[in-house]
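Please consult the sequence and the coordinates alongside the points below.

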Amino acid sequence: MMRGRELVNRLATGLVLLCAALALAPAARAEDGYGLWLRYAPLEGEALERLARFDPEIRINDHAGYIDPTLAAAADELARGIVSLLGDRAKARPSGNGIIEVACEGMMDMNPERFIVTPFREAGRRGLRITGGDYGACIYGAFGLLRELSLGHDPASITLDEAPAMPLRMLNHWDNPDGHVERGYAGRSIFDWWHLPDRLDQRMIDYARANASIGINGVAVNNVNARAFMLEPDYIAKLARLADAWRPYGIRVFLSARFSAPVDICGLATADPLDPAVAAWWQAKADEIYAAIPDFGGFLVKANSEGQPGPQDYGRSHADGANMLAAALGDRGTVIWRAFVYSADDETDRAMQAYNEFVPLDGQFADNVIVQVKNGPVDFQPREPFHPMFGAMPNTHLMLEAQVTKEYLGFASHLAFLAPMWEEVLDADTGHGGTVVRTVAQVVAPVGMAGVANTGSDRNWTGSDFDQANWYAFGRLAWNPQLSSDQIAREWAAQTFSRDPQFLGAAVPMMLESREAVVDYMTPLGLAHQMATGHHYGPGPWVCDLPRPEWNPCYYSRADAEGIGFDRSATGSNALGQYASAIAARWSDPETIDPALLLWFHHVGWNHQMRSGRTLWEELVWHYDRGAAKVDTMAETWSTLSEYVDEERFRAVSEMLAIQQREARWWRDASLAYWQSVNGLSLPAGAEPPAHPLDYYRGLEFPEAPGQ
Ligand code: BDP
């Protein structure tokens, strides 16, 4: 960036010219995954010729010598990207034929994040102009244009006009200040709190670039199981340094706040939200933060959940707690209050507790409070129905929370592309639109989406190369929930690995089928929460002795000699009653419910006849087998793709797939061995018996598993 600045050439027009060829040395092309989808691999063939002919210089607005840092970042990225896409052709290249003008200045009556890319002509030269609602739009415009160029599209025919579907598109990091990442499978935290604010790692800039390229505009930097001391002045200074670094990329910082902080770090006798001294403490704290970080996003709060303190400790409601913090922030920021609550003393079906606690509070939350709701009613399982709160709180700002890190989908070692899972929930009809379809995406569109980040200190950021796709997909879907999983997979794979149609023709279907494979070999037909205790690595369907009932897999499977599945119909917990009547009616009948959700809502006899003609037991075995077989196919497919991928990443993916093959079979075998011990049934003809007796699987222990 500095070299580009030094080479700035001021024009009489008041625009600044950056020569793309000289602005930056070509991006390092180490294929260790660090470059993510921003590696800008050199184009080939006609696409290369077209870009070489266009050969743009890059201009940015200059107001009497002042260059907005966001525009500078946009221009730098364009320069970096184009030089890299031109590969060898970028060397010794004269000043360009074409022009890219980064011209965002703020346009009245336009969404500040909307960008437009349009062609223009100037003295016989072709140009592309990026304009937008505000400076920040240009960073999205630059990345949008670079995506098109990276995909090999003709610069002459690029026109774009995009605005994000939702205002808040954020990552929630479950990173602890000591560097450990809760549910992190990619090494240590990327945030170097120890050396901040004095030292800012280059990774922080590359992280911001990656986020901006997919439209992420908010980052909560610390674990929702928060440490109160992160509200102390030294941490505010550290956070301010990050905020400064990320501001040009359109990212606002948020902090997870521990509700008991006034007691923990200030020695107040109470954290009661209705106590004036408590409110005053938070008010002063907010003022202190805003003095250092004028665009601070706000607080993310996990309260009265899994042992975290909260307003209920003082007999107050979630609304009391959230509104007190919201008043402290005022119109400067937002309180994001999580709806992931369930209690040790509540015997109600866990899947119902959040709805029961929150829906009666509809309309009571302050305007700058967002209630953040997980995609499903339990906890980020490979498949859940959509959360019944979506659509049921019309007078509350609701935001969707998804988990990008794959706590329950095989950690980083299993290839599971999550866009189909998120597409499934975003497209789900909540039934709350009367005769009109009202999807989850429509419910959250005025507010936003949060994803629990999967980044870490691993060189490839996410622990495995294919997990980068989930970070990418999360951002793309939050920007535009109408994008299809297929399109997202295709553009990610083309930018990350190879644009070759042969490669994409094999890799994209493999990605698209991968999540269903995980559902099949872990928890088919609506089963959930069958993983081992604590670390959540591997199967543990037999676990039934944990102190809290809803921590036990047996609580969810309800497997007995007669059948399996959780009766959540009117004869059982009646969780179905929390859904709109049209949805509940469809799901209340085991014959009409989508079989993928059958055992979530119904306790079904082992010999129940499925629509497939198989019995339930046969159907379960069929799914476990299909899942394990699918992973074998994925590994086979990948083995044919070596010519398209560099050696290092090819081998890394191959080895991860070998782990996944082994672990898919482990899930299948351990689960079947356990179900057989419950139902006494033999396996259907042709099905392979589990490799080991049940006791072997029960005896496995993994105290060193990551992410705990
Ligand atoms: C669970 C995780 C736990 C998180 C919790 C949450 O196992 O580590 O703290 O979600 O979302 O799935 O708060």
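What is the handedness of the disulfide of C544 and C554, and why? The torsion about its S-S bond is about 85°, so the disulfide is right-handed. The model under discussion is predicted. It holds two disulfides, and with bonded cysteines counted along the chain these follow the pattern 1-2, 3-4.

**Disulfide of C104 and C138**

- The sulfur atoms of C104 and C138 are joined in a disulfide, with an S to S distance of 2.1 Å.
- This link of C104 and C138 is right-handed, with 90° about the S-S bond.
- C104 belongs to the loop between β4 (99-102) and β5 (115-122), whereas C138 sits in helix α5 (residues 135-150), so the bond ties together parts that are 34 residues apart in sequence.
- C104 and C138 are both buried.

**Disulfide of C544 and C554**

- C544 is bonded to C554 in a disulfide whose sulfur atoms lie 2.0 Å apart.
- The pair links distant parts of the chain, 10 residues apart: C544 is in the loop between α16 (501-522) and α17 (553-557), and C554 is in helix α17.
- C544 has a relative accessible area of 46% and is therefore partly exposed.
- C554 has a relative accessible area of 18%, which falls under the 20% limit, so this cysteine is buried.

**A further cysteine**

- C266 is partly exposed, because its relative accessible area is 39%, a value between the limits of 20% and 50%.

Methods:
Residues are numbered from 1 along each chain as its sequence is written. This is a predicted model: local features need pLDDT of at least 70, side-chain atom pairs count only at pLDDT 80 or more; totals for chains, interfaces and linings use all residues. Side-chain values use heavy atoms; hydrogens and water are left out. A disulfide is a pair of cysteine sulfur atoms within 2.5 Å. Helices (H or I, at least four residues) and strands (E, at least two) are DSSP runs, numbered from the N terminus. Buried means under 20% relative accessible area, exposed over 50%, partly exposed in between (1.4 Å probe, protein chains only).
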